[in-house]
Each structure stands twice: as structure tokens, then as C-alpha cells.
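Subject: Structure handover

Hello,

Here is the structure for your files.

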Amino acid sequence: MTSIMVVDDDQDLAEMLGIVLNGVGMEVDLVSRGDEALEVFKNSQPDLVLLDIMLPGTDGIEVCREIRKHSTRVPIVMLTAKSDTHDIVKGLEAGADDYMVKPFKPSELVARIRTRLRRVTGDINGTLTIGDLAIDIVEHTVARGGKEIPLTRLEFDLLVALAKEPGRVFTREALLGEVWGYRHSTDTRLVNVHIQRLRAKIEHDPENPTIISTVRGVGYKAGGSGSRS
Amino acid sequence: MGRLFRLFRRSLFLKVFSLTAVISIALIYVVGSTLYGRITGGIFEEKIVSAISEGRSAIQYAEYRFTITGLNPKSNYRELASEVVKSANVRAEESGREVILINSRGVKVNGIPAVSTSNFLEPESVPTELRERVRENPDLDWQRGNLAYVNGKVIPGIFVGKAFDISGAGRYEMYLAYDFVAQQNNIDLIGRSLWVTGILLLALILLTASVVLRMVIKPVQVAAEIAESLTTGDLKNRMNVKGEDEIARLGVAFNQMATTLAEQIARLENLSRVQQRFVSDVSHELRTPLTTIRMASDVIHAARSSFDPTVARSAELLLSQIEKFEHLLQDLLEVSRFDAEAAVLSLDRIDISALVLKCVEDISVLAEEKGVLLNLNGFGEVIQAEADSRRIERIIRNLLTNAIDHSESKPVDVTIAHNDDSVSIGVRDYGVGLSSQYWNRVFDRFWRADPSRSRIRGGTGLGLSIAREDAILHGGEIRVWGELGKGANFVLTLPKVSGGDISNTPIKEIPTAQSL
């Protein structure tokens, strides 16, 4: 059974989230304080974390950072009452994979959680190589020269999405659909921030990326120097 | 000339300075010339008086000597005459004294020449009028005239003359001529001094005037400059106040005014900030409970088939109203962001044409529901522009929804066109329309053309207002045309490059006659 950790100080909302997620067959751990979140996380090892940004004790962004230190794998979805650029970008930079702005539709939340939990094996099995990186799809690992590079699931998904079709230029909207499961492009910042984070981990020189290059005015592609159009 | 005049009009300094200069010159001229006249008059008068008195005694003395000599039968008039004439040079240090002795009848008698003069003075120098008067009148007489010499020199001076009889020789006229050389020199000197004094005085006055003017005008100038900077919104500048004079008082008052102004503005800014903050906070605070309500109603809605019909319908209404409430809250937050000037553009080079097509596709379900046909014109070409896709989508969605809502099931035309600088998207419906007095009011928040008309499903009353704010944020605009019963046309124009020119809109909001 899928277990979800919900960190939110609003008891009623947390309970309601519990009802909705239980309804779709997920188990829910409720945490109401930021400073308790990490402890609960370590004990219960949830499959996904729903994290409110404004929390008593430690704020959501800090909690996110702590959880990321502990686990690169677990998907983190931020819940925020603010749709202001500043908070969202801060959250994403702290390691969150996705975010939902309150008020959201329960069905949308469930869809988003499912996207984050699915294993993107797709029709490919085995390994992919891009640049000097070896991607093992079954094992869900990325390695350079035998040495594993720890990536979050989302970063892994993003890299695989690009590496599956080297040379194809993906628009931000296409990546949002492929990796995040959005049908309507809402916020391309998600893509930008995660590409930056991914580059920081896999590129030799993140300032001059060679593995994931930017195609100006269009989007991103795997390999090759970015063509300027 | 025109430039000089404008400079003159614009500069207080130049105005006052030149006025001072004109008045000073006039004053100095009047005073100087009066003084000059008086002094010259005085000098000449003195000379004339002394010439008359000296001339009188010299002539008396000569007459006396002729009388004495006449008593002696062996008298030698010739020698005496020569001596009298030569006596002109006796007091040479005084210079400029000449003697003329003329026989009234113009004949030589007893060795006395008919005319004898000293120092080669032309006898014709003696003014004719004076000679006539002297001949007819026994008294001493005088007149101003010119001393003309044989060598051609002419010097202004005075002639004093008297006629007397020399016994046995007849009537003689004796004249003494005094030149004005010394006086003229003095007068020239005085004239030069007056000129120099006048010019120095003028320079001094103008210097003083400019110093004083600077002292007075400088603070005024500074005040004007600071006032100008205040109008441009820089409220920090203040005048430098020194002393306690009127200028200092001006400075103090001016600074107080600026401070009060800055305080007022700060107060108002703070007030509106607090208000915007409040709206934003309220919107945020409403979100968490709304999420819970939303989820609860979703759960209830999902289970509605097991309720009896009235409860099931209530669940449906609950959900739809919550959705509406959500939209309202979202729009309200967006508006508060615009009010706080916190809205930020995230610009990308995007294909506007494709974006609009996507919006049309998204809205087609609603259009079908309402039986509205969407006609597309001008699409099929990539039209790139720097824009924030989220905002442009929102504008287009708003315009489309608005057009469909007011179309009365008639078709809606969506047109795109572009030129070098800008791209326009026109959304034209043929429905309700609106009269020209409302063209600009449609962008007002929560505005309704007809208050008795119910709000159209889904609309929050903020859509067009937000659309316009979004357009303005891009440096673009939305223009409106409408006529009752003939529909409306909304034209969004965006610059292709951020900050570009949109004056030449590719689509005009006023339809051509044939499309009416």
C-alpha cells in the first residue's frame, strides 16, 4: 500500500487530505509541525511527502531541505497558499519536485501524486548512454565511469525523457507533460529550476552544459552544443 | 534674435541685470553731462572775467602811456606802439595773450602802423561785430572768437577791446586776445576723468548688481531645481539654509513643504500598502479553508448518486459555487498583485499564433456548448514575440470567454495580424454589443453594462480588468469597439520586442463598413 506523509498545520485540511487519499487507497501519516517532520519521515519511510510551506516550528522549505539530505529518492510535492514566484522557486530549489497551489482539486492532487510515484520504465528496458553518462533504467541509477550520481526520481525521469530521444528538442511544455503529467502548461519555471538542479549534478561545467543543452526560444535537448536560433 | 529673446524671458538674472545696466547708464550720462557743463561753464567764465579785467588795465595803461607820450612834442609814437604790441609777450608764462592795435581809419600816422599785431596774429581774427561795437561805443567790450595766426593755427579764445584817441594821431582800437588753451586742456582732462569715472561707476554698479542678484537668484534657482526634482518624484532633495534672512526663510519654508509632502506621500503609500497587503493576506488566508471545503464537497459530490435528489442537487450546486469562489479568489489575488505592482513578467520568445490557437482549442468545448461558431482568420504563420505565455493565454481566454458569453449564439471571429513592430489579436462578436460610452468602462472591476442582467456563468467580473493589466504589463494595449445590437470588437496589440512601439496596430478595433 502506498504511504503518503502529509505535513500541514491545518488539522482539518490534513484530515480531509487523509479522507481523500484513503479513498483512493493510499495510507496517510499526518504531521502538524515542521520540526517533527524529519523524525516521522525517518521512522515511517513514506513513498511521497506532501509538504505545506508555512509551518510552525521549521518552515516547509527547510523541512524539504532536511528530507532531501536524508533521501534523494522520495518525491516531495509542496502545498502552498501563495502562488508568488519567490516562494515556489525557493521550494523547488530546496528539492521539491512539484507544487500545488491551494485551493486545488482533489482529483488533480491524486493525479499529481500518481505521476510522481509511477516508474517511468515505459517501453525501454536496459540502459541508455548520453555523453559519458550511463543510465540504468531498471536499476534506476545514473553513473559516470562506474561511479553513481545520486538523482531524485524527478531528475532521473527528466534525464530519461531527454535521453530517450537524443537530439530531439523538447519544449518546456512538452517536458511538463512528459515528466510532470500536466496537460495544460501552467508554469515553465518548474522545468527551468529542475534542469538547473540536474545540470548541477551531471554536467562537468554547469555554466557550459554539454549533456543537456538549451535551445534558445524553444527548450532543451539531450547532447550536442545548444543550437542558437 | 528669437533665441536671445527667449533667453531673456527665461532668465531673471539677465532681465534684472540689463535693466540695472540701462538705468545706470542713463543716470551716469545725465549726471556726467550736467557736471561737465557746469564745470566747463565755470572755467570759461573765470577766464573771461580775468581776461576782461586784465584787458581793461592793459588798455588803460597803454592809453595812459600814449597820453603821456603825446605831451612830449618829440614823442616817438612808432616806438611806443611797437612796445605796446610787444608787451603781449611780457607775461609769457601765462601765454596766449596777444595785442592788436588798429587805426580806426586804417591809415598809418606818425609812424604808428595802421595795423599791428603780436606774434603774427592775423588782425582779421578780431570779430567784426566786436570791432563795430568798439568803434561806436567808448566802453570796453568783449567777445569770444578764434585766434588765427599767419601760420594757419587757430585757437579759441576771447577778445577784449576799446577805442581811444591818441593826440595828433587819431582814433585807435586796441584789442587783447586771450586764448583758451589752458582752459581747454583742463576741460579735456575733466572730460576724460568724467568718462573714466562714469565707466568705473557703471562697472561697479553692475558688479554689485550681479553679486546681489546672484545672492538672491541662486537660492531661487536652487529652489526651482529642487521643486522640479520633487515633481519627478525625488523627495529627498532639500535646500541648503544659511542665516536668517528672507532667502533663508524661503529655504526653510520650502524644505518644510517638501518634508510635509514626502510625509504625506509616505503616509498614503503606506496606507495603500497596508490595504493591498490586507487584500493579499485575506486571499491567502481564505485558501486553506477553501481547499478543505473544496475537497469535502468533492467527496460529497462523488457520493451524490446515493443521496436523494434534493441533496444530490445541493451537492452539485455546492461544488459549482465553490469553483466560482475559487476563481474569484484567484482573480482577486491577481488584482491585488497588480495593485501592489508586484506582478512580474516572465518573458520568452513564443509563437503567439500557436498560443492563440491553443486557447481557441481549449475554449471550443464552451463554444460548442453555447452553439457559437469560432471563425479563424490570419492563422497558419509563425508570429514570434517576446511575451509571458501564461499572461497572454489568460488575456486570450478572457477575451474569448467574454465574446462567447455575449455572442447570443452568433459566430465569433478570431483574427491575428502582425507588422514589423507588433502583433494584434482581434476577437469580434456580433451579439449584445455595447454603446460607446461604455467602451472604457468594460475594463472596470466588477462592472456590468446592465446591473439588472445576471452575471454570466463563470465570470468573476475581474477578467477584462486583469486582461488589460496583463496587456499593459507587456507594453501592449487592448482597444474596444462596440455598438448596441451589433456586437463588440476587442483588439489586443503586443509589441514583438519588449518595450517596442505599438502605435501602428495591425488590426483596427473599429470594423470596416462591410464587416458591420
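Predicted model: local features only at pLDDT ≥ 70, side-chain atom pairs only at ≥ 80, totals over all residues.

Helix pair. In chain B, helix H5 (residues 181-231) and helix H6 (residues 246-302) have axes that come within 10 Å and cross at roughly 5°. Angles under 35 degrees count as roughly parallel, so H5(B) is roughly parallel to H6(B). On the H5(B) side the contact is made by Val216(B), Pro219(B), Ala223(B) and Leu230(B). H6(B) contributes Ile247(B), Leu250(B), Gly251(B), Phe254(B), Ala258(B) and Leu261(B). Sorted by class, this contact of H5(B) with H6(B) has nine nonpolar residues, one polar and no charged ones.

Chain contact. Between the chains, 14 residues of chain B are in contact with 15 residues of chain A. H6(B) gives the most to the chain B side, with 11 residues. The residues of chain B that touch chain A divide into five nonpolar, four polar and five charged.

Sheet. Chain B has an open sheet of five strands in the order E7-E9-E10-E12-E11, with mixed pairing. Strand E7 (374-377) and strand E11 (477-483) of chain B are the edge strands, each pairing on one side only. On average, neighbouring strands of this sheet are turned by 15° against each other, direction ignored. E11(B) and strand E12 (residues 487-495) of chain B run antiparallel and are joined by seven bridges. Val480(B) has Phe490(B) in E12(B) as its bridge partner. Helix H10 (residues 463-473) of chain B lies across E11 and E12 of chain B and runs at about 140° to E11(B).

Regards

Conventions
Residues numbered from 1 in each chain as written. Chains lettered and ligands numbered in written order. Axes fitted to C-alpha atoms, helices over the stretch in contact; angles between N-to-C directions. Helix = DSSP H or I, 4+ residues; strand = E, 2+ residues; numbered from the N terminus. Parallel < 35°, antiparallel > 145°, perpendicular 65-115°, else oblique. Contact = placed C-beta atoms within 7 Å. Nonpolar A, V, L, I, M, F, W, Y, C, P; charged D, E, K, R; others polar. Pairing = 2+ DSSP bridges.
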